[in-house]
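Colleague: I'd like to learn how to read helix packing, sheets and cores in a model. Can you walk me through this one?

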Amino acid sequence: MIRKMKSKKLKRWGTICVAALTAGALLCSCGSQQFVAKNKIHVGVTYYNQSDTFLNELLECFVEDLKDSGKDAVETTVTIRDAAGSQRTQNDQVKELIDAGCDVLCVNLVDRADPSEIIDLARECDVPIVFFNREPVAEDLLQWDKLYYVGADAEQSGILQGELASDLIKQDGSTDRNGDGKIQYVILEGEAGHQDAIIRTENAVETMKNNGVELEKLSYQIANWNRAQAQNRMQQMIGQYGDGIELVLANNDDMALGAVDAYEKSELSEEDYPVFFGIDGTDVGVQAVADGAFAGTVYNDKEGQAEAMAELAVVLATGDGLQNLEFERGKYIYLPYEKITRENVSTFFKAAVPGE
Ligand code: GAL
Ligand code: CA
């Protein structure tokens, strides 16, 4: 079994330092680094789970951006690995990517609180890391000077979602379907411990309160960013509250879509549906706003994040141009979120197609 896996990897990556394979799992060779010419770079990516819609779209953009940077006389190759929800698997993948000669790593941590092994491996072989989307705690990013982060500010996305919901509730009295002056709402939350879950929820709710919206929280459920899980949780809540839910706030578009799926499968008719808000502006999320299934969503700038990652990765790998990039606190690049409503949704269709 082990032999079979090794030969597969060898086929996939070509030259891997044999010494590293035989010396045992914990040693890394750092071997191929010195042979890499600066106009030819190999980028290694590992992300927490290949079932994640937003990240798949982000990485699609990233690969395009790297190809484009190839036009500027830097030839890039990229290897992408799925950690399938296991930090241990991801640590092994980092080892393998370094052994395969990657000049820079882009890491979307499985467990954002547990990057130490990855940082040690990279530092040992002097391979810089761009963490993305799942933000390590600040102290961890200070462990070494070649660590960076590209992402977005969770608080802002929550505020924008709260503003979208407040605006609608104020403009359209029918959102308060039972006319009791309060909005009965439920929350679909992302993974526990993820910076984009609880912070989005808190800020969305706080913003609505600050805007004078009377709220009544009926329930909240964790659905791990996942459409099928959200459908399941929403079915349970519909079972409990029937037509009594007036607003669904979801931490991302896939979970908001799962909630819509649950209503479509329920006995309720459309006039009993709540209004739905997501975050991300994935292709399906943008479509849901255009179709009127969502009242709105918040654009998580995958194009901007992918572009920043690609630019930073090339600069770090070639060792050229770092002074031209702008960072917050020396290490962070945050791309702003934007509101997506029925009125401006057409402009996001274009953005949803990489390369256009
Ligand atoms: C969030 C995004 C989610 C999911 C998550 C994964 O920023 O809104 O849809 O992709 O990251 O870490
Ligand atoms: Ca009400």
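Colleague: At roughly what angle do the axes of helix H4 and helix H5 cross?

Modeller: Bear in mind that this is a predicted model. Two packed helices are described by the angle between their axes and the distance between the axes. Here, the axes of H4 (residues 87-99) and H5 (residues 116-124) cross at roughly 10 degrees and come within 10 Å. Angles under 35 degrees count as roughly parallel, so H4 is roughly parallel to H5.

Colleague: Which residues of H5 make the contact?

Modeller: Glu117, Ile118, Leu121 and Ala122 from H5, facing a set from H4 that includes Gln90, Val94 and Ile98. Sorted by class, the contact has five nonpolar, three polar and two charged residues.

Colleague: On to the sheet: in what order do the four strands come?

Modeller: The order is S7-S6-S8-S9, in an open sheet with parallel pairing. Strands S7 (215-222) and S9 (275-277) stand at the edges with a single partner strand each, so one side of each has no neighbour in the sheet. From one strand to the next, the twist averages 20 degrees. Helix H8 (residues 198-210) packs on the sheet, touching S6, S7 and S8. Helix H9 (residues 227-241) also touches S6, S7 and S8.

Colleague: And how many residues does the largest nonpolar core have?

Modeller: In soluble globular proteins, nonpolar side chains tend to be buried together. In this model the largest such core has 64 residues, with Phe62, Cys106, Phe132, Leu188 and Met234 having the most contacts inside it. Helix H12 (residues 302-318) gives the most to this core, 10 residues. Another core, of 21 residues, lies apart from it and includes Ile118 and Phe131.

How values were computed
Residues numbered from 1 in each chain as written. Chains lettered and ligands numbered in written order. Predicted model: local features only at pLDDT ≥ 70, side-chain atom pairs only at ≥ 80, totals over all residues. Heavy atoms only, no water. Core = buried A, V, L, I, M, F, W, Y, C linked by side-chain atoms within 4.5 Å. Buried < 20%, exposed > 50% of the residue type's maximum accessible area, 1.4 Å probe, protein only. Helix = DSSP H or I, 4+ residues; strand = E, 2+ residues; numbered from the N terminus. Axes fitted to C-alpha atoms, helices over the stretch in contact; angles between N-to-C directions. Parallel < 35°, antiparallel > 145°, perpendicular 65-115°, else oblique. Contact = heavy atoms within 4.5 Å. Nonpolar A, V, L, I, M, F, W, Y, C, P; charged D, E, K, R; others polar. Pairing = 2+ DSSP bridges.
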